[in-house]
Amino acid sequence: MLSVVIVGGLHADARKAAVERLLADVPGSVVLHHDLATAAAGTVVRTIRDTSGILAAGEAPLVNDCACCALREDLVPELLRLADDGLTRLAVVELWDSVEPKAMAEVVTAGGLTVTGVITAVDPALVLPYLGNGDDLAERGLAAATTDQRTVADTFARQLEYAPVLAVADSEEADDEDRELLAQLHPTARQVPIGHGHPAGPERGARADAQAPARSPLAAAALAGFDVEAAAAAQHPACALLPTEADAHGVSTLVWHRCRPFHPERLYEALEDITCAAARSRGRFWLADKPDVLLHWDAAGGALCVESAGPWLASLPDAAWEMVPPVRRAAAAMDWHPEHGDCCQHLVFTSPALDRDGLERLLEHCLLTDTEYAAGRDAWKRLPPAFDTLLEV
């Protein structure tokens with residue numbers, strides 16, 4: 001049976017090194033890559049190769065002027081063809097720079113194929129520069145569609161945090177602070193060291209040896225298994241697996257948890273200062289004028305995205321709970337408050353030189369005062385709706 005591993009990341013040199021390592025260490029493997037750089041000409045170029053070179057090449061037309069859509073349409077049929085040929089043990093899907101692994105893992109799984117691993121390749125020395133880069137992908141020639149409004153920072157953050165395995169390049173420029181930042185951003189990830197080289201591997205004929213063992217930690221990780229539903233749940237704001245408190249090598253992670261809503265105007269006025277206080281921040285928050293709505297906080301590169309993630313469970317009737325996934329109910333139970341249920345502030349800030357005390361004071365200032373809190377929900381809902389434009393209400 002064909003195994004599929006997805007390898008992504010904006011750090012192209014690290015990504016290519018990881019792919020070459022897998023080709024060399026897993027007999028019967030090929031690399032499938034869609035180059036979206038040609039999208040301006042109306043096509044996406046597909047190549048399939050093994051250690052001996054390119055085995056096949058072709059073009060896929062754009063779908064709705066979207067290169068990523070063309071990738072989705074073309075990827076599964078090509079993987080199914082590889083599965084049918086009986087020669088391929090592992091298909092390494094090397095994503096183009098700005099393509100995010102979550103969408104591709106879900107497309108491949110929906111196509112009836114087995115994703116056995118998702119890997120994001122990282123150069124530790126580039127983590128902070130990329131997290132701090134607020135440029136639009138289009139400005140860097142990395143947009144996947146004419147409507148792509150993502151930034152370098154938020155794209156890199158999602159690539160990094162979704163993958164359970166990080167292929168970490170051996171970077172001479174990286175120091176302890178760089179490596180600590182990577183560890184705190186994604187503390188549950190398995191980090192597998194790789195080099196920048198292009199190791200030699202088995203010849204084309206070795207593809208038929210489907211029983212040959214994987215020969216490296218990276219290859220073992222590629223074949224270890226991957227749960228698409230669990231990975232999606234770990235990113236959902238209601239039950240996200242967020243980083244924990246940490247402080248080492250000049251890098252800090254502050255976990256800020258409170259059971260009182262924000263005043264909408266005070267929080268809105270402080271957004272820039274809060275957003276710029278850390279290289280990366282994310283989590284869920286509670287706004288007084290929208291007390292039943294779980295709001296998602298997602299910031300990187302000095303830019304903030306806030307959006308509704310549906311209702312808090314506490315606002316749902318008991319009968320609706322049966323429709324809620326068990327992982328969501330479990331996450332709510334961990335934060336359950338006798339009065340407010342799962343409504344809370346749960347924000348996590350990670351950065352070198354983080355001013356923890358100053359940030360905490362700023363956040364506390366944005367909460368309802370005792371008097372405002374005591375006025376109750378009806379009064380909260382009458383507070384100025386400062387976030388309506390941001391939330392496109």
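The largest pocket of this predicted model holds about 650 Å³ of space. Of the 28 residues that line the largest pocket, those closest to its centre are Arg158, His296, Asp298, Cys305 and Glu307. Sorted by class, the lining comprises 11 nonpolar, 7 polar and 10 charged residues. At least two lining residues come from each of helix 3, helix 5, helix 8, strand 11 (280-285), strand 12 (293-300) and strand 13 (303-311), and among the contributors helix 5 gives the most, with 5 residues.

Helix 3, one of these contributors, spans residues 101-110 and has Pro101, Met104, Ala105 and Val108 as buried residues. Viewed down the axis of helix 3, the buried residues fall within an arc of 100 degrees, so they line one face of the helix. The partners against which these buried residues pack are strand 1 (3-8), helix 2 (67-85), strand 6 (114-122), helix 5 (152-162) and helix 8 (228-235). Just after helix 3 comes Gly112, which takes a positive phi of about 90 degrees.

From the strands of the pocket lining we can turn to the aromatic residues. The count of aromatic pairs in the model comes to 10. In one of them, the rings of Phe285 and Trp297 have centres 5.8 Å apart and planes at 85 degrees, and because an angle over 60 degrees counts as edge-to-face, the pair is described in that way. Since Phe285 belongs to strand 11 and Trp297 to strand 12, the pair ties together parts that are 12 residues apart in sequence. Phe285 counts as buried because its relative accessibility is 1%, and Trp297 counts as buried because its relative accessibility is 0%.

Another edge-to-face pair is formed by Trp286 and Trp380, with 6.0 Å from centre to centre and 80 degrees between the planes. This pair links distant parts of the chain, with Trp286 in the loop between strand 11 and strand 12 and Trp380 in helix 13 (residues 377-381), 94 residues apart; both Trp286 and Trp380 are buried. Ring pairs also link Phe285 and Trp297 into a cluster with Trp256, Phe262, Tyr268 and Phe387.

A last stop is Thr350, which lies in strand 14 (residues 345-352). Its relative accessibility is 2%, and therefore Thr350 counts as buried. When neighbours within four places in sequence are left aside, Thr350 is in contact with Leu181, Gln184, Leu185, Val251, Ser252, Thr253, Ala278, Ala279 and Arg280.

Definitions and conventions: Residues numbered from 1 in each chain as written. Predicted model: local features only at pLDDT ≥ 70, side-chain atom pairs only at ≥ 80, totals over all residues. Heavy atoms only, no water. Helix = DSSP H or I, 4+ residues; strand = E, 2+ residues; numbered from the N terminus. Buried < 20%, exposed > 50% of the residue type's maximum accessible area, 1.4 Å probe, protein only. Contact = heavy atoms within 4.5 Å. Arc of directions from axis to C-beta. 1 Å grid on protein atoms, 1.4 Å probe; cavity = no way out; pocket = protein on both sides within 12 Å on 5 of 7 lines; lining within 4 Å. Points joined across faces, edges and corners; volume = space filled by probe spheres on them. Nonpolar A, V, L, I, M, F, W, Y, C, P; charged D, E, K, R; others polar. Phe/Tyr/Trp six-rings, centres within 6.5 Å; stacked < 30°, edge-to-face > 60°.
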